[in-house]
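Student: Hi! Let's go through this one together, starting with a single residue.

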Amino acid sequence: MSSVMHSFFRALRGITKTADEWRDARTPEQQYVYLMESGKMKGKHLGSCLDSIRRGGLNTCYWPLAIPQLMEFIEKWRVENNDNEQRYHELAIEELYLESELPHIDLVSCPREEEHTEKIQDGRGRIRCFHVEEQEIEAPLESYNSWDEHAQMARLNWMHTGDSEEKGNGRESALETIIDPCYAIISDREVILPFETILQRLNLQPAYITNYCGGTGLKLCRRLDKLPHPGSSLEEDRYCTGHEDRNNAFELFGDGWDLAYYVLKWKQQTPSHEPPWRALWEEQHTPDRSAIVYND
Ligand SMILES: [Zn+2]
Ligand SMILES: [Zn+2]
């Protein structure tokens, strides 16, 4: 990303009609509601609109919105402005950003085990680790799913489920061979990223946060039915153990103008047709931040 945010650059040059000026006294939240009214974004730059609904720090900017709301806002701008790329940003992209890239995963070796050397390309063009481990487990087996952060997919796990009585009756215990490829994603540099995935990877805020009813300290839960592990009706089981809520916050190394630039970069991935806007189910999870290549 550029070293100076465009909004600062504008202020330094004394460019008038900044987003702040036409925002009047509205808060970013009020401005969002205002701009979502019919026709309010027509003829305005996408960068300016996005910049007018954020709060800003020196290094990052903050939008009090969940990613789907932010996407809805951009969708509305694109409709009202016939998706005119000339109005994404007031400067040609080349004048501001030279080396920036979309946030792809781009590692040199398997993130699970450095010793894994085998690689395979999956149907969507991702380079995955193809190190295979063979395991012998005593039958009968039972499988269960768990989320694999490195492979970005659900993984089947196997375990022995026999009880001790069966063992005592003289039966031979059969072993089953489980073949378990690693599948960790090493690179998705060649993959077309949906816009939602780009936002999820750029977001410096966690996707979910834990909220406790009544704030800190042990309080009675007001959303008992929504607790992940609701207790019995006993009084001591009615205290709030925390709710995993979607974090309505988006934070970026950059401002609204930079965000508009990412919309353009997203489109430019496939010049002949528009890339996917929303992420598929398996693309919803954000990989370990260290795997992603961010801009300087
Ligand atoms: Zn591996
Ligand atoms: Zn609660």
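Student: What does D83 count as, given its C-beta neighbours inside 10 Å?

Tutor: With 15 C-beta neighbours inside 10 Å, D83 counts as partly exposed. The term covers what lies between buried (20 or more other C-beta atoms within 10 Å of a residue's own) and exposed (12 or fewer), with C-beta atoms placed from the backbone. Bear in mind that this is a predicted model, where local features need pLDDT of at least 70 and side-chain atom pairs count only at pLDDT 80 or more, while totals for chains, interfaces and linings use all residues. Residues are numbered from 1 along each chain as its sequence is written, and chains are lettered from A and ligands numbered from 1 in the order in which they are written.

Student: Got it. Where does D83 lie?

Tutor: D83 is in the loop between α5 and α6 (93-96). Its phi is positive, about 50°, although D83 is not a glycine. N82, which follows α5, also has a positive phi, near 50°. Most residues other than glycine have a negative phi.

Student: What is the phi of Y183?

Tutor: Near 60°, so that is a positive value in a residue other than glycine. Y183 sits in the loop between β8 (175-181) and β9.

Student: And is Y183 buried or exposed?

Tutor: Y183 is buried, as 21 other C-beta atoms lie within 10 Å.

Student: Changing topic: which residues does the cis peptide bond join?

Tutor: A139 and P140, with omega about -5°. P140 is in the loop between β5 (132-138) and β6 (141-148).

Student: Back to α5. How does its span compare with what the 14 residues should give?

Tutor: They agree: 14 residues (67-80) at 1.5 Å each should span 20 Å, and the end C-alpha atoms of α5 are 20 Å apart. The expected span is 1.5 Å times one less than the number of residues. Helices here are DSSP runs (H or I, at least four residues), and strands are E runs of at least two, both numbered from the N terminus.

Student: Which residues of α5 are buried?

Tutor: I67, L70, F73, I74 and W77. They cover an arc of only 120° around the axis, which puts them on the same side of α5; the arc is that of the directions from the helix axis to the C-beta atoms. Among the elements they pack against are α3 (28-35), α8 (195-202) and α9 (256-268).

Student: What does L70 touch?

Tutor: Leaving out residues up to four places away in sequence, L70 touches W63, L65, L199 and F250. Contact means C-beta atoms, placed from the backbone, within 7 Å.

Student: And which residues touch the most other members of the largest nonpolar core?

Tutor: L70 is one of them, along with L46, I198, L199, A260, Y262 and V263, in a core of 30 residues. Such a core is a set of buried Ala, Val, Leu, Ile, Met, Phe, Trp, Tyr and Cys residues joined through C-beta atoms within 7 Å. α9 gives the most to this core, with seven residues. A second, separate core of eleven residues includes L107, I127, C182 and A184.

Student: Last one: what order do the strands have in the open sheet of three?

Tutor: β3-β4-β9, with antiparallel pairing; strands pair if DSSP finds at least two bridges between them. β3 (119-121) and β9 (185-187) stand at the edges with a single partner strand each, so one side of each has no neighbour in the sheet. Two bridges join β4 (residues 127-129) to β9, and R128 stands opposite I185 in β9.

How values were computed
Two residues are in contact if their C-beta atoms, placed from the backbone, lie within 7 Å.
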